[in-house]
Every structure is written in C-alpha cells, then in structure tokens.
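Morning, everyone. I have one structure for you today. Please look at the screen while I talk.

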Amino acid sequence: MIRIRPFAPLFMPPLLAGALALGGCAAQVGPVEVTRFSAPDASMLGRGVIRVDPANAQDASSLEFRTYAAAVAQELAKVGYRQALPGEAVRDTQVAVLSVERQVYQPGARRSPVSVGVGGSTGSYGSGLGLGLGINLAGKPQDQVDTRMHVMIKDRPDGRTIWEGRAAFTVGSKSPVAQTSLGAAKMAEALFKGFPGKSGETILVK
C-alpha cells in the first residue's frame with residue numbers, strides 16, 4: 001500500500017519539513033505481493049534445463065521484455081535450473097512462460113486546494129471576523145506505476161503447467177525501482193523467494 005504524504009502546513013520548522021520529506025520518499029516503495037501455485041506432483045521443479053518464453057510472441061523483440069526475461073532467468077538459475085548450452089541437444093526442457101503488464105496512473109485527489117473558514121462576528125461590521133486560509137502545498141500527486149508479472153512453468157513435451165507464480169507491486173513514478181531494470185530484478189527476486197513456495201499462499205516480500 002502506498003501512503004500519501006499529508007498536506008504540509010503553511011509554516012513548518014525546517015527540521016520537521018526535512019523529516020516529512022524523507023518519510024515521503026521512503027513511503028514510495030511498497031512490498032511485492034506474491035502468490036504461487038504448484039502441481040501435486042512437481043518433483044521436477046528446480047532441476048534440469050529451462051528456457052524463458054514470452055506469453056505473447058510479439059513481446060520477444062521488446063527490449064523491456066528481455067530485461068524482465070533476463071531477471072527471471074537469473075532467479076531460475078538460483079533455484080537449480082540451467083540454460084541450454086549453445087548447440088546442446090536437449091530432449092526434455094521445461095519452459096517458463098512470462099508475461100508482464102505495466103500501467104501508469106494518477107491517484108485521485110480532492111479538488112479543493114484552498115479552503116476558507118469564517119468565525120462568528122460581534123459588534124460593528126468586521127470587528128470580530130475570524131478568517132482561516134488553508135492552502136494545499138502538496139501539489140499534484142505523482143504518477144504511480146503498477147507492475148504485474150506472471151510466470152507459468154510448463155513441463156515438456158506434454159505442456160502441463162507444474163508451477164505458476166504472480167507478483168505485483170506499485171511505486172511512485174519517481175522511485176528508482178520504477179525503472180525497468182531495477183523493478184524487474186525486484187519482482188523476479190520476490191517471485192522466486194523460497195521457491196516453489198506454499199501453494200495458494202499470498203505473501204508480501206519487502
């Protein structure tokens with residue numbers, strides 16, 4: 001969950017302002033939500049040769065997709081898989097089918113940047129008038145980047161799905177993790193943490 005930094009008051013001590021600014025930056029990076037499923041008979045997980053294929057063949061030429069595919073391949077190697085060597089003839093190969101979705105959106109905000117409050121007056125006109133002016137100094141909320149990764153490991157040659165994992169996280173567009181290279185590594189690491197994981201369980205990986 002992304003916490004939205006509250007409106008800053010009109011006059012704020014410098015030290016307090018700095019503390020809130022740092023707190024706001026730290027709040028921009030959220031945990032990765034991960035859900036995994038495993039087939040009842042999945043003894044072959046984490047062994048043998050595997051390759052990473054796109055769920056949509058058109059994504060194969062995308063530089064962004066290749067960045068995510070490389071991150072997934074690196075994590076697969078950590079859990080026991082290996083890539084086929086050049087020219088190696090492999091009869092039984094597992095396939096990790098990868099899809100990635102990224103959306104950029106702006107969170108909704110109240111359309112009341114200025115609020116005015118007037119207190120009761122007594123005596124002559126205006127003598128007891130109290131006027132309070134509150135100004136929204138936060139400005140326009142920064143865009144949020146929502147990324148979702150889906151990996152299905154299929155056994156060949158029958159194409160049976162033996163493992164499935166989904167990961168999702170949201171960060172501010174100015175966060176370093178919003179960059180494809182850093183975000184891909186963070187998501188892939190979270191998705192395969194404790195592989196294969198408890199089937200059907202959803203966890204939050206920081």
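One definition before we start: a contact means heavy atoms within 4.5 Å. Helices (H or I, at least four residues) and strands (E, at least two) are DSSP runs, numbered from the N terminus. Now the ground rules. This is a predicted model, where local features need pLDDT of at least 70, side-chain atom pairs count only at pLDDT 80 or more, and totals for chains, interfaces and linings use all residues. Residues are numbered from 1 along each chain as its sequence is written, and side-chain values use heavy atoms, with hydrogens and water left out.

Start with the overview. The protein chain has 3 helices and 8 strands. Read from the N terminus, the order is α-β-β-α-β-β-β-β-β-α-β. Of its 206 residues, 32% are buried, meaning under 20% relative accessible area; exposed is over 50%, partly exposed in between (1.4 Å probe, protein chains only).

Next, the sheet. Strands pair if DSSP finds at least two bridges between them. Here 6 strands make an open sheet, in the order 2-3-6-7-1-8, with mixed pairing. Strand 2 (50–54) and strand 8 (202–205) are the edges; each has a single partner strand, so one side of each is left without a neighbour in the sheet.

Look at strand 6 (residues 144–155) and strand 7 (residues 160–172). They run antiparallel, joined by 12 bridges. One example: Lys154 has Thr161 in strand 7 as its bridge partner.

What lies across the sheet strands? Helix 3 (residues 180–191) lies across strand 1 (32–38), strand 3, strand 6, strand 7 and strand 8, at about 135° to strand 7. Helix 2 (residues 63–78) lies across strand 2, strand 3 (94–105) and strand 6, at about 130° to strand 3. For these angles, axes are lines fitted to C-alpha atoms, for helices over the stretch in contact, and angles run from 0 to 180 degrees between N-to-C directions.

Last, the aromatics. Rings of Phe, Tyr and Trp (its six-membered ring) pair if their centres lie within 6.5 Å; planes under 30 degrees apart are stacked, over 60 edge-to-face, the rest tilted. The structure holds 3 such pairs. Trp163 and Phe195 have ring centres 5.2 Å apart and planes at 55°, so this pair is tilted. Trp163 sits in strand 7 and Phe195 in the loop between helix 3 and strand 8, so the pair ties together parts 32 residues apart in sequence. Both residues are buried. Phe192 and Phe195 also form a tilted pair, 5.8 Å centre to centre, with 45° between the planes. Phe192 is buried too, at 4% relative accessibility. Ring pairs link Trp163, Phe192 and Phe195 into a cluster.
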